[in-house]
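These are notes for a colleague who is opening this entry for the first time. Please keep the sequence and the structure in view while reading.

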Amino acid sequence: MPASDPSPATDPTSRRQARPWELAALAGLVLAVVVVLALTGFSRTERGADGAVGTAQSDTEARAAAVQTLLDTWASAVRTNDAARLSGLMDQAAAPGFLAAETRRAGNVAGVEFSDWGYEIAEGAETAVPSSLVDALGADEVWAPAVQLRYAIADESPTRKPVALVVARRGDRWALVSDSATVDGERRTWRGPWDFGPVVSRRVDTGDGRTSVVLGHPENATMVDRLADELPAAVVNATQLWGSNWAGRALVWVAGSQDEFTALVGPNHDGRDIAAVAISDAVDPDAATVTGQRIVFSPASADRLTEVTRRAILRHELIHVAARAETVDRSPMWVLEGYAEYAAYRGTGEAERQIAPALTAQVGAEGPPTEFPEDTDFSGYGERGSVAYETAWSINAFVAEQYGESRLTALYRTLAVGEADPETVDGRLSDVLGVDADQFRDRWTDWVGAHLG
């Protein structure tokens, strides 16, 4: 099911609902956001000679250059785990705990194979800093520019995430004050795995000199190792089905807590019945490029998933990664999720009734389905959601068996182009498969009855 990253420039990818035998419901999430000193998110102000707070437009470029130098030094200190240098970058009135958090982050970042790590000033609206806050800091100037963390791991292209930063100037020196949530909540700092504890990283060769990475924490290192072992075969599986026109690598994260899972995938996913989520930051459909793609496993997945379901979920989410550049939001869910479900079990030899137990039970009680599942069915929990995913799998498995995998992938590309009315969808289906849509449904219904009845 489509999911969205909470940061700007997000794009939908997928969420796979786990069945009861895959992942039990996880505990509810309480996300506490601490607002430190009520400072973050305000634009800079400057105190004039008469004591009034005002702007100095003529100093804008010089200010930006000076703060960018501070950001560059900050990034270097974090990446090189230089605690002394970090301490020297802090303002005398920096938010309590900020230095300690940065020091921990620097130690954790050292365990990740970054190919890029930097902070940069981006375009963004500014909010005037109240004079009362300037007085509280006692600084000559306070600024909350729009800042982004730019990072890349191994061979991935750099992606950018928001940082709610406040800096202050005393004389000629700019220093760090806070990177916590803004008072109005409009700008928040994105947190990565390195913000939640020590990181373990596994580098995986996934063919043709391409590097994939699996990240987690010491407490879930076994899950990290298992996913790393499965990843090369999962990449081969995706390439065989989708084709070679994708990156051929993946970034996989294993969350260690509900707070971390929410930070990585967004507040709309609280972990109930979710084994993993594939998500990305930005898609350029014209250039067919995607940045910030990652597969995030929930904190309970290590205990709840079997060897079979862990492999299936990884392959399911990986096909979303492969197809993301050619997938448009609001396309028919039975295509998006059914294709991924087919990829999940493709060539594994799993019994069809084991792949689709809920649908098998429904066929036994009511007979095989005659209509495709509605998009809203995929967001349902329990039996409704399971039947939707399994029915979508059956449609795609039927196409692969009767018409071949190349036509199945062609059907995906034809239908994953955005929202369309039922008549248009039926027309596209007929164009690709060369069969009337009603005849197709009849044949699919018979196939389900024969395979699951």
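1. Overall make-up. The model is a predicted one. Its protein chain contains 15 helices and 16 strands. Of the 453 residues in the chain, 53% count as buried. If contacts are taken between residues at least 6 apart in sequence, 73% of them join residues at least 24 apart.

2. Helix H5. This helix covers residues 221–242. With 22 residues at 1.5 Å a residue, H5 should span 32 Å, and its end C-alpha atoms lie 30 Å apart, so the two values agree. After the helix comes Gly 243, with a positive phi near 115°.

3. Helix H6. How many of the eight residues of H6 (residues 258–265) are buried? Seven are, so the helix is largely enclosed by the rest of the structure. The buried residues are Gln 258, Glu 260, Phe 261, Thr 262, Ala 263, Leu 264 and Val 265. Their cover includes the strands E12 (251–254), E13 (274–280) and E16 (294–297). Just after H6, Gly 266 has a positive phi of about 105°.

4. Helices H14 and H15. The axes of H14 (residues 422–433) and H15 (residues 437–452) come within 9 Å and cross at roughly 75°. The two helices are therefore roughly perpendicular to each other. On the H14 side the contact involves Asp 426, Leu 429, Ser 430 and Leu 433, which meet Ala 437, Phe 440 and Arg 441 of H15. By type, the residues of this contact are four nonpolar, one polar and two charged.

5. Trp 393. This residue belongs to helix H12 (residues 383–403). Is Trp 393 buried or exposed? Its relative accessible area is 4%, under the 20% limit, so Trp 393 is buried. Apart from neighbours within four places in sequence, Trp 393 is in contact with Gly 338, Glu 341, Tyr 342, Glu 352, Ile 355, Ala 356, Trp 447 and Leu 452. Leu 336 is 57 residues away from Trp 393 in sequence, with 10.0 Å between their C-alpha atoms.

6. The loop between H8 and H9. Thr 327 is found in the loop between helix H8 (307–323) and helix H9 (333–345). At 14% relative accessibility, Thr 327 counts as buried. Beyond its neighbours within four places in sequence, Thr 327 is in contact with Leu 336, Tyr 412 and Ala 416. Thr 327 and Pro 285 are 42 residues apart in sequence, and their C-alpha atoms are 8.6 Å apart. Arg 330 also lies in the loop between H8 and H9, but at 53% relative accessibility Arg 330 counts as exposed.

7. Most residues other than glycine have a negative phi. Arg 330 has a positive phi of about 70° although it is not a glycine. Ala 154 is another residue other than glycine with a positive phi, near 55°. Ala 154 sits in the loop between strand E6 (146–153) and strand E7 (159–164). With 10% relative accessibility, Ala 154 counts as buried, whereas Arg 330 counts as exposed.

Key:
Residues are numbered from 1 along each chain as its sequence is written. This is a predicted model: local features need pLDDT of at least 70, side-chain atom pairs count only at pLDDT 80 or more; totals for chains, interfaces and linings use all residues. Side-chain values use heavy atoms; hydrogens and water are left out. Axes are lines fitted to C-alpha atoms, for helices over the stretch in contact, and angles run from 0 to 180 degrees between N-to-C directions. Helices (H or I, at least four residues) and strands (E, at least two) are DSSP runs, numbered from the N terminus. Angles under 35 degrees count as roughly parallel, over 145 as roughly antiparallel, 65 to 115 as roughly perpendicular and the rest as oblique. Contact means heavy atoms within 4.5 Å. Ala, Val, Leu, Ile, Met, Phe, Trp, Tyr, Cys and Pro count as nonpolar, Asp, Glu, Lys and Arg as charged, and the others, Gly among them, as polar. Buried means under 20% relative accessible area, exposed over 50%, partly exposed in between (1.4 Å probe, protein chains only). The expected span of a helix is 1.5 Å times one less than its number of residues.
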